[in-house]
Amino acid sequence: MIRNVSLITLYCRDQDEARDFYVDVLGFVSNTDIQMDGFRWVTINHPDHPELEITLMKPGPPLDDEGADFYRRQLDKGQAGGLGLRVDDCRKTCQELAAKGVTILQEPSDRPYGVEAVIRDNQGNWLVLVEPREFTPEDFA
């Protein structure tokens, strides 16, 4: 029986740079960093959620060449999808991250579901920051 999501993959060009960004800038913690059979396995997690690891993976096997190249192109263009991150105060978080040099792609905006902003990590992934609020389907009408 499936109990929860325990691992997600975020593609990156440089595992060290990606790990350092998520740990030093966003406050995640480094988890696993091992070599096995010529493959490097690097994971991080949020300190309050050790049950969900994010693997920082260079595009390659098990992707075929075409699939890996697609991810590399998306990262190079800064258009790779990333993560949705819940925050307590979206506007304040964006100010703090901008002061650390983080690229803000979309300034905080009011949405029916809360306040949302979009930032970019140092690898080309975009991350959505959401300060959630209660909503109903009517809020979208």
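The largest pocket has a volume of about 620 Å³. A pocket here is an open set of points on a 1 Å grid over the protein atoms alone, with protein on both sides within 12 Å along at least five of seven lines, and a 1.4 Å probe fits at its points. Grid points are joined across faces, edges and corners, and the volume is the space filled by probe spheres set on the points. The lining of this pocket comprises 22 residues, and F28, H46, G84, L85 and R86 lie nearest its centre; a lining residue has an atom within 4 Å of a point. Two or more lining residues come from each of β5 (84-86), α3 (90-99) and β8 (126-132).

The model is predicted: local features need pLDDT of at least 70, side-chain atom pairs count only at pLDDT 80 or more, and totals for chains, interfaces and linings use all residues. Residues are numbered from 1 along each chain as its sequence is written, and side-chain values use heavy atoms, with hydrogens and water left out.

**Overall layout**

The protein chain holds 3 helices and 8 strands, arranged along the sequence as β-α-β-β-β-α-β-α-β-β-β. Helices (H or I, at least four residues) and strands (E, at least two) are DSSP runs numbered from the N terminus. The C-alpha trace spans about 50 × 40 × 30 Å along its principal axes. Of the 141 residues, 38% count as buried, a term for under 20% relative accessible area; exposed means over 50% and partly exposed lies in between (1.4 Å probe, protein chains only). Among contacts with a separation of 6 or more, 51% come from residues 24 or more positions apart; a contact means heavy atoms within 4.5 Å.

**The four-stranded sheet**

An open sheet is formed by 4 strands in the order β1-β4-β3-β2, with mixed pairing. Its edge strands, β1 (7-11) and β2 (29-36), each pair on one side only. On average, neighbouring strands are turned by 25 degrees against each other, direction ignored. Axes are lines fitted to C-alpha atoms, for helices over the stretch in contact, and angles run from 0 to 180 degrees between N-to-C directions. Strands of a sheet pair through backbone hydrogen bonds, either parallel or antiparallel. Two strands count as paired if DSSP finds at least two bridges between them. The pairs in this sheet are listed below.

| Strand pair | Sense | Bridges | Residues standing opposite |
|---|---|---|---|
| β1 and β4 | parallel | 5 bridges | L7 and E53 |
| β2 and β3 | antiparallel | 6 bridges | D33 and V42 |
| β3 and β4 | antiparallel | 2 bridges | T43 and T55 |

β2 and β3 form a hairpin with 2 residues between them, and D37 in its turn has a positive phi of about 55 degrees. Strand β3 is largely enclosed by the rest of the structure, because 5 of its 7 residues are buried.

**Helix α1 and its contacts**

Helix α1 (residues 15-25) packs on the sheet and touches β1, β2, β3 (39-45) and β4, its direction making about 10 degrees with that of β3. The buried residues of α1 are Q15, A18, R19, F21, Y22 and V25. An α-helix has 3.6 residues a turn, so residues three or four places apart point the same way. At the start of α1, a side-chain oxygen of D14 comes to within 3.0 Å of the backbone nitrogen of D16. After α1 comes G27, with a positive phi near 90 degrees.

R40 is located in β3. Its side chain makes a polar contact of 2.7 Å with the side chain of D16, and R40 also has a 2.8 Å polar contact with the side chain of D33. A polar contact is a pair of N or O atoms within 3.5 Å; within protein, one must be able to donate a hydrogen and the other to accept it, and residues adjacent in sequence count only if both atoms are side-chain atoms. Beyond its neighbours within four places in sequence, R40 is in contact with Q15, D16, R19, D33, I34 and Q35.

N122 sits in the loop between β7 (114-120) and β8, and is partly exposed, at a relative accessible area of 36%. Not counting residues up to four places away in sequence, N122 touches E17, A18 and F21. The C-alpha atoms of N122 and F21 are 6.8 Å apart, although these residues are 101 residues apart in sequence. A polar atom of the N122 side chain lies 3.0 Å from the backbone oxygen of E17. The side chains of N122 and Q123 are joined by a polar contact of 3.4 Å.

**Strands β6 and β7**

Strand β6 (residues 103-111) runs antiparallel to β7, joined by 6 bridges. A hairpin connects β6 to β7 through 2 residues, and D110 stands opposite V115 in β7.
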